[in-house]
Structure formats: structure tokens, C-alpha cells
Amino acid sequence: MVSEGSEPSKKRKSNLGDKEGSKPGKKFPSKKRKSDSGDKEGPKPGKEFPKNRKEIKAKRHSNTEDDGKSVVDSSKPFKRQFNNKPAHDKKLKDAKLDHRKWKELTENRKRKRKPYYDLQKELVASWEKMRQRNIKIEERSKLISETMNKMKGKIPDITGSHISSRVLQTCIKYCQPAERDSVYQELRPHFLKLARNTYAVHLVTKMLDHANKEQLQEIISSLHGHVVAFLRHPVGSAVVEHVFKLANETQKQELLSEMYSAEFRIFKGIIPKGKGRLVDLLSGEHPSKKSAVLEHMTLALQPILEKGIVDHSIVHRALLEYMCIANKSSVTDIIQQLSGSLLVRMIHTRDGSKVGALCIIHSGAKERKKIVKGMKGHVVKIAHDEYGCVILMCVLNFVDDTSLVSKFIFRELEKDLKELALDKYGRRPLLHLLCPNVPRYFSADVLETLRSTISSLTTCTQDGPPQSADDEPSESQKASSETDIRGLKRDEKDEENPEESEGLGKISKKDFSTRRIELLTKSGFAQKLTEMCMQNVGELLRSQYGKDIIFEVANGGAGDIMWQVAADSLTALHRAIADVGALPQLNNEEGSQNEEHIFVQYHSSRTVRKLILESHVPDGVNAPSFAAILWDVVLKGKCKMWAQGHSEKVVSAFLDCSDLEMKNMASSELQPLIDAGLLKIASAKHV
């Protein structure tokens, strides 16, 4: 019997057979079918498959006609065959001919478009030779003379090209004065046009660098009436700035006067002698003239600020003059426009730093925040700049947001503390934080910038009007400043609020001493500064500029602020200095100046002497003084060895030490040396 499950399968198989049988002749080439006998199905009739590559090649040649036209190969019915070799060679030849023709066509087009194309090619060939460093002077002079003769009469037309401009700059640099004068005479009528050209402007500045006094005056005269327009031009402004830097004070005033009013622009030489500043020019004049000058300067400066062309010193001078005479609303608008990245681009000049200081002093919290954030990524560079460091000092003076200053200013300064301490200008922000507004470290011009004000924005205090930066100090102020010279005597005025001490009114909400403590403690800056001094004790003591940093840190800073925030670190620093002093002294012939002992080297011996003279420990701090540590580690029982040369000043300083206990202890050992004439008593004056 057959099972029930087998019948459907047989039926399904018969149905499939019926379907295949219903369409005779249909074949599926993708699958090979087997015959009933089990043999493999052979190739289709009418096709012969070649056995190897040689047969394929022979078959292709047999199927190719003599005229090079392709015929169909029966082995590959859907692929046309070509006689590739002759056609390929022909195409290569045609391609080479086409490239030559294309190159010639391009050269002809350039000749039509550029009249001096062939001349420029010759100039480039000569330029490649004359600009080499190892070329002989005679050969270079000969090449320059030949090149100048080729360009004669065509210089104004070819200077707009970047190639010709570079060739001319090299010629101006190395040519003879007579040849340079001939180029100047040829370019003189076209000076204003070339000063606006992107490539010719470099030739103009090169000519200015080599111009004599008469030629410079002629160029300044040609700029008369065009200064304001050139300052608004992104290319031409560089020429005005270059002329401004090379000019003397009279010529600078002539260029600046065009920004004051139309009459100064139209008429020359109407500024009286002795009245260079705009404030002096308007003194005694009718108020209507001042308003006319303000209106003209506003129209001149506004497009410059909108375009962001604020890198030039002539613009900085004009802005400073404008802010000194402008009313409150005009100055406020200028401060709002400059707050941010624009101000950072201005603080590299003397006038620009003064403008920046005025913006920080008289701006609000929002503007100050923009200014500080605009310094991000440039703080270290600003600190190393002669005028930029004053802006950082101003930020420390007046910005109340100490978290913002710690995040954007101190975080970048911490990475280069050693380089800043050893730099002439980089140390200024650090010194200002440790002992602010001290004439010993800061020039009168820097201190004047820090207390500068704008008359239209300065609010009167309760006691009276604020004191101007130009006013002379009173007799009492002179007396107090004489006794307050840093390094001679330390008192409480060092931590006085700078804006209150100079009569600037209430510019900041926080007290200055509170702000200093927050800046030193919030970011751990005091600890990092002390650690840097401990790691580089010898180098800082022997440095001309670093000695001041380590002295102020080791002595505690103004108002003993370092003792308040890092007392343990200061004691460790005192021991590190004593350990360096305990090292054996090298022979001067064996070691260099940097390897001299700190008691013998010029800068370090005087720094250690000052530390001994001002050695003290504030009340409430349980720690030994620097003089006591140095005496126990280095000098106790060894004073005779250090009683000669520069080191005698270090030893004799113990006789005038501020620590009375240490003074009495040292006197018992030093007095016999004095009686024997081995030790000379130096004066108490800091040297």
C-alpha cells in the first residue's frame, strides 16, 4: 500500500513535468541540465570555444578587415573588436599636436591680454639669479642694471603684477641710489593709484623705507586730502600707517589733522606751533567749533571701526584724541564697539593701550566680560608685549569678576610662568598682582595709564571733583610718595584701592585687597607661583628681571598677602634659597657667570641682602623668618669665609635685619670680624 503522504508529491512532480512539456524549446543557459542517461550536456551547436589565448588572438586577426574596421567575433557575439594599435598611436600623435597647439594658443591669448608678457618672463629669469644669497655683488649689480634698463619707462604699467612687483622690490633693495631715484621719479605721479593696488603696495612701502627726507615729504604732500579715504581702504591704509611711522612729529600732526575737520583737510599749515594735541587746539575756541570737529571725526572714524581696520597706530592716536573731547554718549558708543576682539588688535601700541585702558576703566560688567573673553588664546603674547602688559594690569585692577579673570587670564599665564618671570615686560602683571602701583617696578607713563580717565565719564566724588591725570600732585602726596618708594619702606598704601587713591571714583564694586586675595586663591595661582620659584631658585636670583619676582614672592608681597594665602609654601621657598646658598663656591675661572654662587653674583647677592633686611613674619604666623633659616643653614660659624667681595654685603645685612632676635644672635659672631677689620659694614641702603 502507498502512504497518504506520497500521493501529493507524485502529483506535484507530474504537474511540473506537464509545465515543462507545454513550452518546448525553451532553455535556461544559467543552469546545466542533465540527460536521462546522466551524461553532461555538451556545448550548444554552432559554437566553438577557443582553448587558449593564442587562438583568441589569431581569431581576432582573422576577423579584422584590411581597412581597419572592426567586425563581429563569433566567439563573443556582443563585443566589437578594434584594431587598437594603429588607432592608439595615431591618437597619441594627435594629442601631442593638440597640446602644443593649445599651449601656443594660450601663450598668444596671454600676449594679447598682457602687453608685457614676454618682458615679465625675462624679468623672472633674471630675478631668480639676482635674489640668490651666494651670488657675487658685481654679478648682481650687473643683472640689476640690465633689468632696470628693460623696465625703464614701463614701471608704472607693470607694478600691478605680482611678478613685476617682486622683481622691482629686489632691484630697489640692491640697486644704486641713482637707479633708485630714477624709479622714484617714474613712480611719483602714480603714487596714489599704486598705493591702492594689492601687489604694487609692497613696492610703495619698499620705496618709503629707502626714501630720503625730501622724498618722504613729497609723498606726505601727495597724501594731503586723501588720508581719511586711504584709512578706510584695506590696502591703502597700510601705506598711510607706514608713512606715519616714518614721519616726524610735525608730519604726523599734518596727517592727523585731516581727521579733525574739513578746514584742516583743505588748508595746509594752519595748526599753530606748540598745539599738537586736539585738546590744545580747541582750548579757547567757540563750542560750535568743538561740535563741528566731533561730527567730522565721528564720520571719519565710524566706517573705519565698522570695517575693522583698527590695527594702525594713526587710528589709535585719532581714537584717543576723540575720546578725550567727546561727550558721554559718543564715548559710550566707541567703548561698546571696541569691546571684544577689536580691542585686542589695538593694544600693541602706546596710544592703543591707553585707549584699551580707558575702555576697561569706564566700561560696564558686560563690556569688561567681552574684553576679557576676547583675549582668549592671546594672553601670553599680550603679557610679553611692552604695551599689552599694561592692559592685563588694568584688568587685574578693575574687573570684579575674579572667576572670569582666573578662567581666561590666569589659566594661560600658568603655562608660561617661568618665561614671564624672566621677561622684562612679562613680569609686570605678576609684580602688579604682588605689589600694585609701585614706582620701583613701573614707569610713570604706565602708572599714568592705569589711572587715566575721560572727563565726560568721570563722576565726582563726595569730597570733590576727581583729579585729572595731568594735574600735579599736592605737597602731601609728594611727601607720601617719597616715603612710599618700594624697596625702601613698606606700608599699608601698597594695598590701597587704586581707583580711590587716584580720585577715579567708585569704578569697581569690590575692594581691591579683596579682589587680589580672590585672584591668588581661587585658581591656586599663589601656590603655583611659589612652586615655580622653588623649582628655579638659582636662575631667578641670578636674572636681571626674575630676581624681582622671587624677592616679592619670598617677602610676602604688599600687605603680606602671600603669607595669608600660602604661608607654608613661603617657608619652603626660604629653605630652597638657603639650600642653594649652602652649595660650595666655584672658582670664577672654572664656572661661567650664571654658575657663580648666589652670595657672589651681582643680582643674586643684592636680592638676598634685601630679603635679609626686610625679613619678617606677620603676626599670627608660626614660622621662622628668612634670615633665621639662612643663618642656620649657611652662615652660622662660617661668616669669615663670606666676609670678602660681594658676599660681605650679605653677611653685614644681618646687622640691620628687621628680625631683632636674629640681629642680636648674628652680632655676637660678626662683631669680632668687624673689630679685626675683616668685615666692612655696608650701608643700610638697598643696592
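A residue is counted as buried under 20% relative accessible area, as exposed over 50%, and as partly exposed in between. The structure considered here is a predicted model. By the intermediate class of this scale, Lys-528 is partly exposed, because its relative accessibility is 34%.

The side chain of Lys-528 forms a salt bridge with that of Glu-414, with an N to O distance of 2.9 Å. This pair joins distant parts of the chain, 114 residues apart. Glu-414 is located in the loop between α25 (402-413) and α26 (417-422), whereas Lys-528 belongs to helix α32 (residues 525-535).

In total, 14 salt bridges are present in the structure. One of these pairs Arg-317 with Asp-351 through their side chains, at 2.8 Å from N to O. Arg-317 is part of helix α18 (residues 313-325) and Asp-351 is part of helix α21 (residues 350-362), so the contact ties together parts that are 34 residues apart in sequence. Asp-351 has a relative accessible area of 13% and is therefore buried.

A further salt bridge is found between the side chains of Lys-510 and Glu-518, where the N to O distance is 2.7 Å. The two partners fall into separate accessibility classes. Lys-510, with a relative accessible area of 25%, is partly exposed. Glu-518, at 19% relative accessibility, counts as buried, because the cut-off for that class is under 20%.

Salt bridges also occur as a network, which links Arg-350, Lys-354 and Asp-445.

Technical notes. Residues numbered from 1 in each chain as written. Predicted model: local features only at pLDDT ≥ 70, side-chain atom pairs only at ≥ 80, totals over all residues. Heavy atoms only, no water. Salt bridge = Lys/Arg side-chain N within 4 Å of Asp/Glu carboxyl O. Helix = DSSP H or I, 4+ residues; strand = E, 2+ residues; numbered from the N terminus. Buried < 20%, exposed > 50% of the residue type's maximum accessible area, 1.4 Å probe, protein only.
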